[in-house]
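Work through the exercises below with the sequence and the 3D model open. Each task is followed by a solution in steps.

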Amino acid sequence: MALHRGKSDDAEQSLAVNPFFGEANPVAGMATAPPKHRLPDTPLTPATAYQLVHDELMLDGNSRLNLATFVTTWMEPQAGILMAECRDKNMIDKDEYPRTAELERRCVAMLADLWNAPDPGTAVGCSTTGSSEACMLAGMALKRRWAKRNADRYPGAGARPNLVMGVNVQVCWEKFCNFWEVEARQVPMEGDRFHIDPQAAADLCDENTIGVVGILGSTFDGSYEPIAGLCAALDALQERTGLDVPVHVDGASGAMVAPFIDPELEWDFRLPRVSSINTSGHKYGLVYPGVGWALWRSPAELPEELVFRVNYLGGDMPTFALNFSRPGAQVVAQYYTFLRLGREGYRAVQQSTRDVARGLAERIEAVGDFQLLTRGNELPVFAFTTADDVKAFDVFDVSRRLRERGWLVPAYTFPENRQDLSALRIVCRNGFSADLAELLMEDLGSLLPELRRQSGPLKRSESVATAFHH
Ligand SMILES: *Cc1c(COP(=O)(O)O)cnc(C)c1O
């Protein structure tokens, strides 16, 4: 969570209470304005408290117009009802809520099947709060497997483990390496290659490499990394050197897209070198925020000593998680969505989302002021920049002006080696319909004449660059 400063300078500031909110007892209900930065001394009525919080939240953005996020912003009312029914259920109380635990187990089994685990009965997995937690767990398993191998090979050696990845990884991998003291070895971007290169990744591996992360797909531009190519390069490395380096696929978005609309693409457990996969249930899994999944090919990929059995809640169910208590509602909603859509439903939803992305990318290209970096034909996500001859404005200006119309389209610079490149990115999700895309095009079309008349890009400090959202 955002790291906030504790004590505020204006501790005495209070909230403004509208007399209209007043309750039967005016003294208790309205006369005392509650402080903003201190716990109030006395209670408020529920109606007043509700109105104060509700009104302040009106200034949050409209999530459906947020084209920066990958996270689900629309579910059907029935999903909302189920989630409300489960908001008191604690995922960790497997004994108290055995049916919730069973639904979690079924979701893991369905994902194992969807991701072509060789023998679905032997794949193991768990739900998490999102892909970040799932990646931490997968990374911990890789690190522990390396430590065990290393202890056998070089007893007593104090070697430093490393993890190989593209420079385009989501920030969770930088967190993993920082928190668990693993060296992050990053393959840089090169020219028009905005993600990992298999050979360059294999070249970075040595006996202390705990694994290689492949991303399906990259948050920078929505492209799929070449997972099969990565495995092939590592197969060749093993033949040459004997090093057997496992691959983890960060399928935060793509693991819920590719199985449905790119069934021929081999990226999952069909590749023997893929030892674990994660996804965000709350991205293209189509569930509201708060759920992710981590799966391992077989128990051999998940060292037993990382798994805890907590018996004081009554049961003796093995768990692998960073959190202890966690809401059950999201897992139930994931099961509901699996049941509700099935393969055909997911295929239809993801295909129409991809159609919107491709159509919108083409129309933006046709405007003439922009140059596409990707076309929305892998993840339903595309990145674009201004055409070479556009000198009057830059991507940050476009982002800022779109924001005036309520659209959140982030502009950001690319990392090392391509820091010269700044781009805009549009993430199409279920609920961002062709009609909404049409409205976005209309707004862009009406802004462009003004942008073209600018004498040059507004300086960065003047334009409010939107933060890059993974
Ligand atoms: C979103 C994302 C993550 C982090 O996932 P959360 O579910 O937000 O924790 C990790 N990796 C990739 C590739 C992502 O797109």
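**Exercise 1. The ligand site**

Task: find which residues are closest to the ligand, and how the shell divides by class.

Solution. Step 1: the ligand is surrounded by 14 residues, and S131, S132, D250, H282 and K283 are the closest; a residue counts as near if one of its heavy atoms lies within 4 Å. The model is predicted: local features need pLDDT of at least 70, side-chain atom pairs count only at pLDDT 80 or more, and totals for chains, interfaces and linings use all residues. Residues are numbered from 1 along each chain as its sequence is written, and side-chain values use heavy atoms, with hydrogens and water left out.

Step 1: the shell holds 3 nonpolar, 9 polar and 2 charged residues. Here Ala, Val, Leu, Ile, Met, Phe, Trp, Tyr, Cys and Pro count as nonpolar, Asp, Glu, Lys and Arg as charged, and the others, Gly among them, as polar.

Step 2: take the distances from a ligand oxygen atom to an N or O atom of a side chain. For S132 the distance is 2.6 Å, for S280 it is 2.8 Å, and for H282 it is 2.7 Å. On its own the ligand has 390 Å² of accessible area, of which the protein covers 90% (Shrake-Rupley method, 1.4 Å probe).

**Exercise 2. The cysteines**

Task: how many disulfides does a search of the whole structure find?

Solution. Step 1: recall that a disulfide is a covalent bond between the sulfur atoms of two cysteines. The criterion is a pair of cysteine sulfur atoms within 2.5 Å.

Step 1: the search finds 0 disulfides. For C135, the nearest cysteine sulfur is that of C172, 3.7 Å away, and C135 is in no disulfide.

Step 2: C135 is buried at a relative accessible area of 0% (buried is under 20%, exposed over 50%, partly exposed in between; 1.4 Å probe, protein chains only). C428 is also buried, at 0%.

Key:
A polar contact is a pair of N or O atoms within 3.5 Å; within protein, one must be able to donate a hydrogen and the other to accept it, and residues adjacent in sequence count only if both atoms are side-chain atoms.
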